[in-house]
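Dear colleague,

I am passing on the structure below, together with some notes on what came out of going through it. Please read them with the coordinates open beside you.

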Amino acid sequence: MDVSGWIEALESSELAEWMRGPGMAYAAVNLVHLLGLTLLLGSMLLLDLRLLGLGRRLSLPEVSRLLTPVALIGLLLQAGSGFALLAADAGPLFSNTAFRLKLALIAAALVNAVLFRWLWSNSLTDWDRAAPMAGRLQAALSMVLWLGVAAAGRLIAYT
Amino acid sequence: MRRLLFLLPLLAALLALPALAHHGWGSYDADKAMRFDAAPVEVRYRNPHAEIEVDHDGERWLVILAPTARMESRGLPDGGLKVGKAITIEGYPRSDGTRELRAERIVVDGKTIELR
């Protein structure tokens, strides 16, 4: 797998040229990335807090049904805008410690989310009475991971 | 409420993350401000930030400027920086010794352009 070739190809792509160019392309995509962050991080934090027992008056299955699509839209926006931001500066970014950490945290957060769904999607109705400890730990881990992704992303500029 | 308490150690761990920025992750050394004249050897007017390469004290330095929108609004549109045309550069070098400078301001044709 020729990673450096792939990085070069990405950096010289038309998308990358557009992002680096004059005008507001880079700034606009940055704003999309900010919007995606609020949708993804906001909904994940709220869902995780609900899983940890905050706001038990609200039915967990319904909270999940509301917030999961919002999180997915956020995730799609982040993937798209993130790819464009990456293309503009692929070489330096792949050597940036904060960026590499961010990628690792995203992978961990996604694995945790998919695993949670696979393990516990049938346990949501009884959650408040009999929540599995592993499930609660996963919710707490989810918060730490997604906040970590956001923090690592912001710290790219300072690294 | 008690259930939320076990969030605290996790949140504390998370708040520690910015502290890592002060522990050798790179960044620029504000105690070692540099100011010198140099003519760009290369000019890259682009986003996320414009850059120039200059020779200083026998070494090639990368000088990080500002996004193109800021460059323009501060008085330095595309073409304002030319290869071979000497300017004054003031900024902070990378803490890890890499020959890279984050420019705070540059002086072009007697005009000071603030970049931060």
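In chain A of this predicted model, which has 159 residues, buried residues make up 29%. The chain comes to 8 helices and 0 strands, and its C-alpha trace spans about 55 × 30 × 25 Å along the principal axes. Of the contacts in chain A between residues at least 6 apart in sequence, 83% join residues that are at least 24 apart.

Helix 4 of chain A, which covers residues 60-88, reaches 41 Å from its first C-alpha to its last, close to the 42 Å expected for its 29 residues at 1.5 Å a residue. Its buried residues include Ala71(A), Gly74(A), Leu75(A), Gln78(A), Ser81(A), Gly82(A) and Leu85(A). An α-helix has 3.6 residues a turn, so residues three or four places apart point the same way. The cover over the buried residues of helix 4 of chain A includes helix 1 (3-11), helix 2 (14-20), helix 3 (25-51) and helix 5 (90-94) of that chain.

Turning to chain B, strand 3 (residues 51-56) and strand 4 (residues 59-64) run antiparallel and are joined by 6 bridges, with Ile52(B) standing opposite Val63(B) of strand 4. These two strands of chain B form a hairpin with 2 residues between them, and Asp57(B), which lies in the turn, has a positive phi of about 50°. Strand 4 of chain B also pairs with strand 6 (residues 100-108) of chain B, here in the parallel sense and over 3 bridges, where Ile64(B) has Arg102(B) in strand 6 as its bridge partner.

Methods
Residues numbered from 1 in each chain as written. Chains lettered and ligands numbered in written order. Predicted model: local features only at pLDDT ≥ 70, side-chain atom pairs only at ≥ 80, totals over all residues. Helix = DSSP H or I, 4+ residues; strand = E, 2+ residues; numbered from the N terminus. Expected span 1.5 Å × (residues − 1). Buried ≥ 20, exposed ≤ 12 C-beta atoms within 10 Å, placed from the backbone. Contact = placed C-beta atoms within 7 Å. Pairing = 2+ DSSP bridges.
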